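Have a look at it first, then read on.

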Amino acid sequence: MGYDYIKAEREGAVGVIALNRPEVLNALNLQLIDELVTELERMDRDDSIRAIVLTGNERAFAAGADIGEMADEAAISMLLKDQFAVWDRIAGISKPILAAVSGFALGGGCELMMNCDIIIASETTKIGQPEIKLGVMPGAGGTQRLTKAVGKVKAMEMLLTGEPISADEALRYGLVNKVVPVEMYFHETMKLARKIAEQPPIAARLIKKSVLKAIDNPLSEGLDYERNCFYLLFASEDQKEGMRAFIEKRRPKFSGR
Amino acid sequence: MYETILYDVMEGIATITLNRPEKFNAFTEKMHKEIIDALKQAGKSSDVRCLIITGTGKAFNAGQDLSDMQGVEVDFGEFLRKRYNPMIMQIRNTEKPVIAAVNGVAAGAGMSLALACDIRLVSEKAFFTNAFINIGLVPDSGGCYFLPRIVGIGKALELAMTGEKISAEEAYRIGLANKICSAENFEAEVKEYAARLAKLPTKSIGLIKRAMYKGVEMNLEETLEYEAYCQDIAGSTADHKEGVQAFLEKRSPVFTGK
């Protein structure tokens, strides 16, 4: 695939996308986000891919938006371009996305990270929303997703000071799943991705959708949704196989149907 | 190129020499900047596999230069956050062995500097003093962190509360000094010790440092898990392969630090 700013490959049933503008710490420009969304949707359609890993490099997951690209914009040109709308398509990806994060995850980088479903961070990770230091604020979900992830008071502190937090602090606040040595963050993420890729994919897909429902719907709606998904899974071959294997005390062989 | 320190690299050993002998090598703002810069340089350079921090003249380091602060209203907290704390963190983050070669008195923050190093080699003429209390202050620059972890809380409290002088011998007795060196041969003995460290598997030494300092803050389960990560990393180094190969071939290993 001819991309300029990302690298996409696969390892077995795991699709791997690496942001690839190392000279600018993976600053997110419009083309990069377009390429990323295109590839995510392509992997989402590819039945042989069961989990997606999104990463940067050791120094930076992504250090933020491409400021040069934005500095001279006006309100109406921003509105007409509506550059953050494309981000909503990331939230629409149905397969589990794991982020392998190291170095800077700032601004748009933090927002991109928070769009992922599971986050493994290296010990050297710095996470923050520094937009206020440039006279603006997050525009791709930062105020909303950060608040839901870490709670109001910590989100306020991070957003109002613009100061980043360490990986360990992010772990304490539940913003990341796990913190590991920098040499291991990609390896550990891949290990987890392979494990998730072995799970029955229809169940994984409905679990992801149900968890996301919990974030912005009333509990009663979420419970109703969950229940219907649960019933729906009884139409799958994997449910039959999974339960039969359990009764027969053997490992299930999921077909993905 | 530095004003307050000397920096040289020889045979895998970087030596940072605090160099304000007329002031017992006391800290100034400039010195902090220069030490941090030198630590970064040594940390990055693949030629460096061991660091020594020492002093010129009679003292190792007498702590903060109080004359530098006279007549000025000091914001103590900011003072530490800007000057001292980054230096201590830089020592911690340098994944190579850092030796404090304590050639003479190490007082106040000078003692804390020595405590923040991984190994302390002490001249028989040197002594430590946790001098903060003598001017009504509390140990800083990691003094409250490292001292109880090195000598135990009971002794640490005594030393910090009384500010009493700790001779080289006493320092060795309580585990504060790893080795006492003769005053005449101090430099040579330190170099010999450092040379030995500089030939060991540096990457793994860095991992040992990382895991042990982390380990004092983690529970057993977390530490076991962290050791597993570190062993994964160490197991993929060239030095591990060389070590095993040399063992099988019944020869001495030649480690490259990689």
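## A strand and its partners

Ile119(A), which sits in S7(A), is the bridge partner of Ala99(A). Keep in mind that this is a predicted model. The pairing behind that bridge is between S7(A) and strand S5 of chain A, residues 97–101, and it runs parallel over four bridges.

S7(A) also pairs with strand S10 of chain A, residues 178–180, again in the parallel sense, with three bridges. Here Ala121(A) has Val179(A) in S10(A) as its bridge partner. Side by side, the two pairings look like this:

| Pairing | Sense | Bridges |
|---|---|---|
| S5(A) and S7(A) | parallel | four bridges |
| S7(A) and S10(A) | parallel | three bridges |

So is S7(A) enclosed or open? Four of the five residues in this strand (residues 118–122) are buried, so the rest of the structure largely encloses it.

## Chain B as a whole

Switching to chain B, you get 10 helices and 10 strands. Its radius of gyration is 19 Å, close to the 18 Å from the globule rule for 258 residues, so chain B is as compact as a globular protein of that length. The C-alpha trace spans about 65 × 40 × 35 Å along the principal axes of chain B.

Buried residues account for 50% of the 258 residues in chain B. Take the contacts in chain B between residues at least 6 apart in sequence: 69% of them join residues at least 24 apart.

As for charge, chain B has 31 positive and 34 negative charges, with mean positions 2 Å apart.

Notes. Residues are numbered from 1 along each chain as its sequence is written. Chains are lettered from A and ligands numbered from 1 in the order in which they are written. This is a predicted model: local features need pLDDT of at least 70, side-chain atom pairs count only at pLDDT 80 or more; totals for chains, interfaces and linings use all residues. Side-chain values use heavy atoms; hydrogens and water are left out. Helices (H or I, at least four residues) and strands (E, at least two) are DSSP runs, numbered from the N terminus. The radius of gyration is taken over C-alpha atoms; the globule rule is 2.2 Å times the number of residues to the power 0.38. Buried means under 20% relative accessible area, exposed over 50%, partly exposed in between (1.4 Å probe, protein chains only). Contact means heavy atoms within 4.5 Å. Lys and Arg count as positive and Asp and Glu as negative; His and the chain ends are not counted. The place of a charge is taken as NZ of Lys, CZ of Arg, CG of Asp or CD of Glu. Two strands pair if DSSP finds at least two bridges between them.
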